[in-house]
Amino acid sequence: MSMPSNASGDEPGLRNKPQALFLAAEAPYPAIGGGPIRASSVLEYLARRFSVHAIFFREPGAPHPGAAIPPGRVDRVDVIDLPFHSKHPVARVLRNVSRLVRNRAPLMDRFAGFEASIERCVSGQQYEAAFIEHFWCAPYVEQVRSRAKRVILDVYNVESAWHSSMASSESGLLAWSHGRFARAALHLEHYWLPKFDRILATSCNDAKIMRAIAADAKVTVYPNALPLIVPPPRTDRPEIIFSGNLEYAPNIAAVRFFHRNVWPALQSRWPELKWKILSRNPGPIRDLAARDPSIQITGFVADAVAVIAQSRVAIVPLFAGSGTRIKILEAWAAGTPVVSTTLGAEGLECRDGEHLVLADDAERFTTAVSELLALPLNRERLGAAGRRLYEERYTWPIAWKALEAVLEGDTSHR
């Protein structure tokens, strides 16, 4: 299915722009959550210098991705509909058993098999540049290669590292399954990464991992970033906040870890304290809020940064995952101090005690949060330092310098 965007090909100067392809596994708008925020940052840059042809995958029942795109960003939208997959736990187990037998990592399997659809979408086109978002779509370089002067793969997470991280944080059959998926992903990364003219990594750490996997891969760091947001009004509510997609296994594990190992001690010392959970998919942890009125689930909010600015501390108790955490960038943009595990802050160029506080076990996490709750001046200092770091390194205009270098052929940004 295809449709024109709100940007007309008859706008002044538009016909003189070179064409770029933007192939994404998920819609970038509304720009809510880590994946859409990163995708929209790339698309916003491309729209400034190219006439953009976008191809999006769509889950069953989801609205047309083109409807939410702001005017002027794309000139043609094609949509590839994914088959229905039940979210019932039994159905998910059966799918993943099949993937284990076939040695196919879950999301690589989900987005596989659409070569003919991609071929139809790009038929007759010629692109100055083609951006493929997510490693899950990397195999479609075969359909795009002959039609683009350069093909760039934007890697949000190193899939093998993500599954290895999950294997380390789980036990038993789950750990074994993630270990098998990690090996399957590693094989694919070794094969596909060298086929691109440039790979975009979220951090120096991810870039190092990918260069170790495929020595011939040309990797540039394009950091996760946010638009330059005006500092929101801050309040001093007695609350802490966790934000994140709770269909994402590491986030579910983080919330349950904090609830089991940290929250009771904080409640004991701070009886009036509220714990706000900001998530548009809170289903897996609704039981926690049902049993404890001090836990508040917000559901969808249009402005996450403004909501985070109402809390005294943002928590990131992650023990698995890959890439870099948008939730920390949002807290920095809000001027809210952050307590995170080392893995939660992995890949971000920050210093413990200056831009955030790192804590890697329940006792240290409890102490770090409690000390910030007790010391308003420390909260203010840490929040201000995080805001400065965000403004200096993690806004779209700063991050776009890396994309500019890639498209101009400057390898000094590697």
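Helices are DSSP runs of at least four residues, numbered from the N terminus. In this predicted model, helix H9 spans residues 249-261. Ala-249 lies in this helix. Ala-249 is partly exposed, with a relative accessible area of 36%. That value falls in between the limits for buried, under 20%, and exposed, over 50%. The C-alpha atom of Ala-249 is separated from that of Arg-388 by 31 Å. Along the chain, these two residues are 139 residues apart.

The nonpolar interior was examined next. In soluble globular proteins, nonpolar side chains tend to be buried together. The largest nonpolar core here holds 53 residues. Ile-240, Phe-258, Trp-275, Ile-315 and Trp-332 touch the most other members of this core. Helix H13, residues 326-334, gives the most to the core, with 7 residues. Ile-315 has contacts with Ile-240, Ile-241, Phe-242 and Phe-258, among others. Its partners also include Trp-275, Val-339, Phe-365 and Val-369. Residues up to four places away in sequence are not counted in this list. A second core is separate and has 42 residues. Among them are Cys-121, Ala-207, Ala-217 and Val-219.

Cysteine pairing was also searched. The whole structure contains 0 disulfides. A disulfide requires two cysteine sulfur atoms within 2.5 Å. For Cys-204, the closest cysteine sulfur is in Cys-350, at 12 Å, so the pair is too far apart for a bond. Cys-350 is likewise in no disulfide, and the sulfur of Cys-204 is its nearest cysteine sulfur. Cys-204 is exposed, with a relative accessible area of 51%.

Terms used: Residues are numbered from 1 along each chain as its sequence is written. This is a predicted model: local features need pLDDT of at least 70, side-chain atom pairs count only at pLDDT 80 or more; totals for chains, interfaces and linings use all residues. Side-chain values use heavy atoms; hydrogens and water are left out. A nonpolar core is a set of buried Ala, Val, Leu, Ile, Met, Phe, Trp, Tyr and Cys residues joined through side-chain atoms within 4.5 Å. Buried means under 20% relative accessible area, exposed over 50%, partly exposed in between (1.4 Å probe, protein chains only). Helices (H or I, at least four residues) and strands (E, at least two) are DSSP runs, numbered from the N terminus. Contact means heavy atoms within 4.5 Å.
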